[in-house]
Amino acid sequence: MPIGIPVIARLLLRRLLLAVPLVLAVVTLTFFFIRLAPGDPAAILAGDAPTPEFLAQIRAEYGLDKPVWAQFLAFLGKAVTGDFGTSIYANRPVFEVILERFPATVLITGTAMIVASVLGIVIGVASAKRAGSSADALISSASLVGYSLPGFWLGQLLILLFAVSLNWLPTGGMTAARASYHGFRHVQDVALHMVLPVTTLAVFLLTMIARFTRTAMIEALDQDYVLVAEAKGASRGRLLWHHAFRNAAVTTVTVIGLEFGAVLAGVVVVEIVFAWPGLGRLFYDAIYRRDFPLLTGAFMFSSFIVIVVNMVSDVACALLDPRIRR
Amino acid sequence: MKDGVTIAAPFAARTGWGTRLFAGLARVRRLPAATVWGLVFVAIIGLGILFAPLLTSADPLALSQDTLLAPSRAHPLGTDDLGRDLLARVLYGGRVSLSVGLFSAVLSVGLGMTIGMVAGFFGGVLDEVLMRITEAFQILPKLLVAVVVVSLVGSGLANEILVIGLLSWPATARVIRGRVQVIRHEEFIAAAEMSGASWMRVLARHVAPNVLAFLLVSASLQVASAIMSESFLSFLGLGDPTHPSWGLLLQQGQLFLQQAWWLTTFPGIALAMTILGLNLVGDGLGGGRAAAGPRK
């Protein structure tokens with residue numbers, strides 16, 4: 001049955017409405033954090049050793065001389081319109097600084113998610129097919145190990161092995177420092193720099209996806225409709241992918257959505273370990289430079305992205321499974 | 001528990017905590033291989049940390065001229081850039097990592113158990129509200145929230161424990177809620193309610209003992225996750241510099257990654273072995289994240 005545009009629009013609208021309280025919660029939390037911190041919020045937002053003029057400017061900018069509720073409304077209004085204040089270090093709008101770094105992060109995160117999803121699904125399905133065999137046990141143990149490795153340590157080990165000892169791949173950065181390539185050579189250079197960070201980032205998600213897909217597939221393969229399909233003479237591949245996986249996919253998509261927050265945290269450490277010039281690195285620099293508007297802004301921005309990804313995964317689930325569509 | 005053995009099966013649930021726990025332990029007597037391996041890993045690390053003073057006489061904070069030495073007889077795991085013995089730093093650092101892990105897990109499991117029991121037991125609007133809050137907490141990037149809070153409030157072990165504990169309860173809450181929903185309709189609960197027990201008493205005396213086994217699983221996974229979170233914060237420089245944990249050691253290792261492989265390798269092995277061990281314990285006992293399943 002083809003799915004019409006109205007169904008998707010209705011679904012999106014529903015999820016959008018569900019996302020509103022979450023966005024509100026994020027903004028409220030951030031506002032609460034800034035007020036919760038000991039000392040004068042203006043002094044915190046202004047960073048170390050601000051001039052009295054700058055403090056006054058911050059106070060006026062955030063309305064810190066007004067009552068709390070008015071301050072909150074002002075903060076909320078600014079946050080949802082993308083006005084996250086001014087970065088102290090860069091002396092530019094926080095949103096502008098974030099957008100500048102965003103593509104680099106999307107590049108490794110997106111690649112890692114695609115790699116992890118494809119491999120994770122294939123591994124999960126393959127091990128469910130052989131559930132109980134020694135190959136299945138080996139895959140399960142390996143995925144538990146992968147899931148237990150702290151991302152930054154895995155990254156460090158990969159650097160030690162592939163960059164320092166074997167000298168096959170660069171230790172970090174996005175492009176070679178001593179050369180400036182153009183065209184295809186540039187793409188090749190960036191791709192080479194991406195291998196280790198993407199691998200590091202993908203391992204965690206891959207193991208999560210493989211584990212959940214395996215469980216969901218075992219359950220799906222046990223259902224009557226699979227037996228019926230088998231009795232009707234469906235091929236092994238059709239049974240696995242058309243009948244069983246289409247039902248297990250809801251779990252897989254849900255996991256990707258739920259773990260996305262953890263993936264973003266992983267991006268922060270991966271970008272530090274591999275000196276990748278993205279949003280995570282920016283987050284880290286903001287901690288060090290005590291650039292609080294940038295820190296809180298980057299936090300709100302990442303949280304909004306997490307909410308959007310969860311929304312997309314919810315909609316995808318509903319499209320995959322008509323029972324969820326209400 | 002004088003009458004614990006003689007009571008008929010449906011009423012056995014009404015016996016005390018001690019009997020239930022003992023019966024639970026007896027049930028897990030035949031432990032799965034994964035759990036045994038996990039316990040072995042955790043025991044190796046635990047004993048090493050506990051008997052640190054017997055394993056090395058070095059002071060983890062004492063500076064010396066022997067900077068960045070590779071592993072040798074005098075320094076089995078080498079030394080760092082300030083000449084401090086790495087073996088001592090790994091062993092004593094484990095005390096910090098494990099303490100933060102344990103204390104924040106106690107906090108998060110306690111919170112999760114309370115919220116899960118209340119939501120599962122009362123159901124209705126209360127359940128709906130609590131579960132929406134739980135979902136919101138699950139979607140929020142927990143570690144990024146922790147980073148922002150610790151940056152603003154200041155680093156320190158107490159802050160780390162509080163932040164990690166207060167952010168990690170949703171997984172436990174969901175598992176416990178699911179379990180409570182199942183036992184909510186058992187006869188012994190109805191019997192207790194009919195005999196006039198208050199809801200507090202029903203929850204504490206009849207429901208709680210029945211979720212204990214799930215709590216053990218949850219706790220071991222929570223300790224693992226809390227240790228991971230602590231190392232994440234420390235790696236970002238938000239740990240307590242006066243109490244160096246494994247994460248802090250790895251942060252220092254990052255600075256000398258190309259000169260001193262040992263600074264990264266050994267603290268990382270200790271950290272990964274502990275997390276893997278605890279995950280194996282939890283996973284083997286049947287409550288792994290994969291077994292628990294994601295939200296419906």
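What percentage of the 326 residues in chain A do buried residues make up? Let's work through that and a few more exercises together.

The model is a predicted one, in which local features need pLDDT of at least 70, side-chain atom pairs count only at pLDDT 80 or more, and totals for chains, interfaces and linings use all residues. Residues are numbered from 1 along each chain as its sequence is written, while chains are lettered from A and ligands numbered from 1 in the order in which they are written.

**Exercise 1. Describe chain A as a whole.**

Step 1: start with burial. A residue is buried if 20 or more other C-beta atoms, placed from the backbone, lie within 10 Å of its own, exposed if 12 or fewer, and partly exposed in between. Buried residues come to 44% of the 326 in chain A.

Step 2: list the secondary structure. Helices (H or I, at least four residues) and strands (E, at least two) are DSSP runs, numbered from the N terminus. Chain A has 13 helices and zero strands.

Step 3: Along the principal axes, the C-alpha atoms of chain A fill a box of roughly 80 × 55 × 40 Å.

Step 4: look at contacts, where two residues count if their C-beta atoms, placed from the backbone, lie within 7 Å. Of the contacts in chain A between residues at least 6 apart in sequence, 70% join residues at least 24 apart.

**Exercise 2. Work out how H6(A) packs on H8(A).**

Step 1: take the axes, which are lines fitted to C-alpha atoms, for helices over the stretch in contact, with angles from 0 to 180 degrees between N-to-C directions. Helix H6 (residues 134-148) and helix H8 (residues 183-221) of chain A have axes that come within 8 Å and cross at roughly 140°.

Step 2: classify the angle. Under 35 degrees is roughly parallel, over 145 roughly antiparallel, 65 to 115 roughly perpendicular, and the rest oblique. H6(A) is therefore oblique to H8(A).

Step 3: A crossing is left-handed if the near helix is turned anticlockwise from the far one by less than a right angle, and right-handed if clockwise. H6(A) passes H8(A) in a left-handed crossing.

Step 4: name the partners. Ser143(A), Gly146(A) and Tyr147(A) of H6(A) meet residues of H8(A) including Val203(A), Phe204(A) and Arg211(A). The residues of this contact of H6(A) with H8(A) divide into six nonpolar, three polar and one charged. Here Ala, Val, Leu, Ile, Met, Phe, Trp, Tyr, Cys and Pro count as nonpolar, Asp, Glu, Lys and Arg as charged, and the others, Gly among them, as polar.

**Exercise 3. Locate the centre of the largest nonpolar core.**

Step 1: such a core is a set of buried Ala, Val, Leu, Ile, Met, Phe, Trp, Tyr and Cys residues joined through C-beta atoms within 7 Å. The largest one has 174 residues, and those with the most contacts inside it are Leu205(A), Ile209(A), Ala298(A), Ala146(B) and Val147(B). H8(A) gives the most to this core, with 17 residues.

Step 2: follow Ile209(A). Leaving aside neighbours within four places in sequence, the contacts of Ile209(A) include Ala116(A), Gly120(A), Thr252(A) and Ile256(A).

**Exercise 4. Characterise the side of chain B that touches chain A.**

Step 1: 41 residues of chain B are in contact with 42 residues of chain A. Among the helices of chain B that each supply at least two residues to this side are H6 (124-139), H11 (199-235) and H13 (262-287).

Step 2: by class, the side of chain B that touches chain A has 27 nonpolar, 11 polar and three charged residues.
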